[in-house]
Amino acid sequence: MKSFLDEDFLLDSATSRRLYRQYAAELPIIDYHSHLSASEIAARKRFRNITELWLGGDHYKWRLMRMARMSERLITGDAGDREKFIAFCSVLPQAIGNPVYHWSHLELRRIFDIDTVINEKNAPDLWDEVNRRLATIDAWSFLDQAKVEILCTTDDPADDLKAHAELAQSGLRTRVLPSFRPDRAMAINDPRFAAYLATLGGVTGTQITSFANLIAALECRVGYFDSHGARVSDHAIDMPLPERIGSQREIETMFSRRLEGAALDEESVAQYRLGLLIALGRVYAQRGWAMCLHIGAQRNNCSRQFTGLGPDTGYDSISDMPISRGLARMLDSLDRDDLLPRTVLFCMNPNMNEVLSSMLGSFADDTARSKLQFGPAWWFNDHKEGNLRQLRTLASHGLLGTFVGMTTDSRSLASFPRHEYFRRLLCRLLGRWVEDGEYPDDEDALAQLVRDVCYNNAKTYFRFSAT
């Protein structure tokens with residue numbers, strides 16, 4: 001029987017072990033999509049204890065605790081931090097097979113050099129020992145320890161990026177770059193939409209009274225982000241994209257109706273969002289940016305808890321919405337004008353893996369290696385089987401050797417061991433193919449594959465070398 005989380009964790013062959021140790025383990029990390037706070041990093045934030053670090057905003061852990069019938073008081077409520085930590089530790093042994101079980105133990109070992117098993121019995125001693133070590137760690141320490149070379153945050157177009165400017169002039173070895181996430185501009189039916197337009201207009205010196213004004217303001221902010229090193233945009237695609245592309249006049253009419261106070265129907269909202277995506281896609285292409293599309297989340301299912309706790313608190317799930325035809329029309333519209341940016345398709349629904357991965361070759365050209373990327377296993381797919389399934393699907397339909405690799409998509413500075421988790425699984429799969437005689441034991445080719453997928457491809461694809 002193998003020991004728990006030993007040095008060969010997830011590596012099931014001699015080849016996989018060799019590939020991981022010689023080529024993957026020590027590579028720097030490029031984390032091209034995260035939800036970390038540049039302000040907290042600039043301030044060199046220290047955490048008051050392990051509860052703030054682990055449970056302060058981690059909806060993965062909150063969901064497990066709720067399913068174990070924990071009171072909300074022990075999750076997001078007014079219980080003491082020590083009590084919350086012990087409650088989480090008491091739940092974790094039940095999470096066998098869940099990635100949170102592996103991630104938590106990896107973080108405990110890699111960040112704090114503690115190899116204790118997390119459970120209720122060990123929780124009081126862990127509380128004391130982890131907090132003692134955490135007292136010497138600030139935000140920069142997490143990045144240095146994990147060898148994070150480039151980290152992209154997620155930022156609203158109206159953000160001033162002051163923290164990014166401070167970090168660019170600091171002694172931090174990690175380059176912390178903004179990425180462009182215009183969710184609030186997309187949310188045309190949100191009651192706060194008009195107020196957001198006023199905010200965006202304020203930072204661009206314009207009055208946004210039309211859709212054309214909005215695009216001009218967003219293009220201005222893309223230029224501002226670009227001057228701060230941004231090379232990536234990001235969009236949540238949480239509703240089907242329509243197959244018909246509305247005219248400029250139609251979208252302007254919808255926009256005017258909304259500014260007059262009318263709520264738009266679902267079809268009009270979809271047409272507006274598609275029009276905005278296409279307009280921004282052209283801007284990104286002209287800037288040489290990449291566009292990330294996170295497709296298929298079904299958010300805020302529990303209205304009662306959404307009212308009390310708000311978004312991103314653990315009440316989302318996978319959507320089974322249709323996407324392929326509308327997505328293809330959008331990509332084709334940009335491609336016809338030779339303004340299709342490099343695009344990463346993140347897939348929430350694993351049943352759509354082959355649908356989206358098979359689309360990659362439809363828009364391939366000589367402007368980039370794998371211009372369309374099938375993004376890494378995301379959110380509910382980010383576990384052992386989900387990562388392996390994503391890698392196999394990509395290899396079946398595309399070029400695994402051109403894949404941009406893993407990103408954390410995380411709100412926690414402790415989450416970087418997820419890259420180790422991914423790298424081990426990648427080497428496991430490559431090693432198995434070699435051991436089964438499906439790929440030659442070509443050391444040079446294998447070494448190049450591992451280095452490219454774990455590091456080189458992301459740096460080249462997102463053009464981070466130019467920042």
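Visitor: How many cavities of 30 Å³ or more does the structure hold?

Guide: The structure holds 4 cavities of 30 Å³ or more, where a cavity is a set of points, on a 1 Å grid over the protein atoms alone, at which a 1.4 Å probe fits but cannot get out, and where a volume is the space filled by probe spheres set on points joined across faces, edges and corners. This is a predicted model, in which local features need pLDDT of at least 70 and side-chain atom pairs count only at pLDDT 80 or more, while totals for chains, interfaces and linings use all residues. Residues are numbered from 1 along each chain as its sequence is written, and side-chain values use heavy atoms, with hydrogens and water left out.

Visitor: Which residues line the largest cavity?

Guide: The largest cavity, which holds about 50 Å³ of space, has a lining that includes Cys347, Phe374, Trp378 and Gln390, each counted as lining by having an atom within 4 Å of a point. By class this lining has 6 nonpolar, 5 polar and no charged residues, with Ala, Val, Leu, Ile, Met, Phe, Trp, Tyr, Cys and Pro counted as nonpolar, Asp, Glu, Lys and Arg as charged, and the others, Gly among them, as polar.

Visitor: Why is strand E8 called mostly covered?

Guide: Buried means under 20% relative accessible area, exposed over 50% and partly exposed in between, with a 1.4 Å probe and protein chains only, and 6 of the 6 residues of E8 (342–347) are buried. Arg342, Val344 and Phe346 lie on one side and Thr343, Leu345 and Cys347 on the other. In a regular strand the side chains alternate between the two faces of the sheet.

Visitor: How do you know which strands pair with E8?

Guide: Two strands pair if DSSP finds at least two bridges between them, and E8 is joined to E5 (290–295) by 6 bridges and to E9 (372–374) by 3, both in the parallel sense, so that both pairs meet the criterion. Leu345 is the bridge partner of Leu293 and also stands opposite Phe374. The open sheet of 4 strands has the order E4-E5-E8-E9, with E4 (232–237) and E9 as edge strands that each pair on one side only, and its twist averages 20 degrees from one strand to the next, taken between the N-to-C directions of axes fitted to C-alpha atoms, on a scale from 0 to 180 degrees. E4 and E5 are also parallel, over 6 bridges, with Val232 opposite Ala290.

Visitor: Is Cys302 buried, exposed or partly exposed?

Guide: Cys302 counts as partly exposed because its relative accessibility is 24%, whereas Cys292, at 1%, is buried.

Terms used
Helices (H or I, at least four residues) and strands (E, at least two) are DSSP runs, numbered from the N terminus. On a 1 Å grid over the protein atoms alone, a cavity is a set of points where a 1.4 Å probe fits but cannot get out, and a pocket is an open set with protein on both sides within 12 Å along at least five of seven lines; lining residues have an atom within 4 Å of a point.
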